Amino acid sequence: MSTDPTDRLDDPDFPALTMSQAAELLGVQPAFLRSLDSSGVLEPYRSPGGHRRYSRHQLALAARLRELLDQGHSLVSAEAIVGLQDELASARADADRLRSTATRLRSDVNRLRREGTKPAADSQQTP
């Protein structure tokens, strides 16, 4: 385990940035970030003094929302679009994993057939 405290900066969920730093990076006013917080779309970490702190992950979400808002979407529709985009990305990743597993299993079955061994799936057939 590393003892270097700066290693936390590599964590995309580590709340390293103040509101003014986050706003500057995104090219937005702090009021935009406050509006995302007050609407519940983005919930920044709060320091012991109550100041908002943002992670890279949160900044990426805010940037995606800002882009959709700039395209004329309402905050509600932008949030829905981001949610659907994330669900689609997750479903595509699942499909890729399933395709990979299916390819591996087909390869295993073909290898077993060449070796003259019956695959275990035969035991699941009903009489």
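Here are legends for a few close-up views of this predicted model.

**View 1. The whole chain, end to end.** The protein chain has four helices and three strands, taken from DSSP runs (H or I of at least four residues for helices, E of at least two for strands) and numbered from the N terminus. Starting at the N terminus, the order is β-α-α-β-β-α-α. Of its 127 residues, 19% count as buried, meaning under 20% relative accessible area, with exposed being over 50% and partly exposed in between (1.4 Å probe, protein chains only).

**View 2. The largest nonpolar core.** This core, a set of buried Ala, Val, Leu, Ile, Met, Phe, Trp, Tyr and Cys residues joined through side-chain atoms within 4.5 Å, has 17 residues. Leu33, Leu36, Tyr54 and Leu65 have the most contacts inside it. Two or more residues each come from α1 (19-26), α2 (30-39), α3 (56-70) and α4 (75-115). The top giver is α3, with four residues.

View 3. Thr18 sits in strand β1 and is partly exposed, at 24% relative accessibility. Arg52 is 34 residues away from Thr18 in sequence, yet their C-alpha atoms are 6.2 Å apart in space.

View 4. Look for Asp7 in the segment before β1 (17-18). With a relative accessible area of 34%, Asp7 is partly exposed.

**Reading the views.** Residues are numbered from 1 along each chain as its sequence is written. Local features need pLDDT of at least 70 and side-chain atom pairs pLDDT 80 or more, while totals for chains, interfaces and linings use all residues; side-chain values use heavy atoms, without hydrogens and water.
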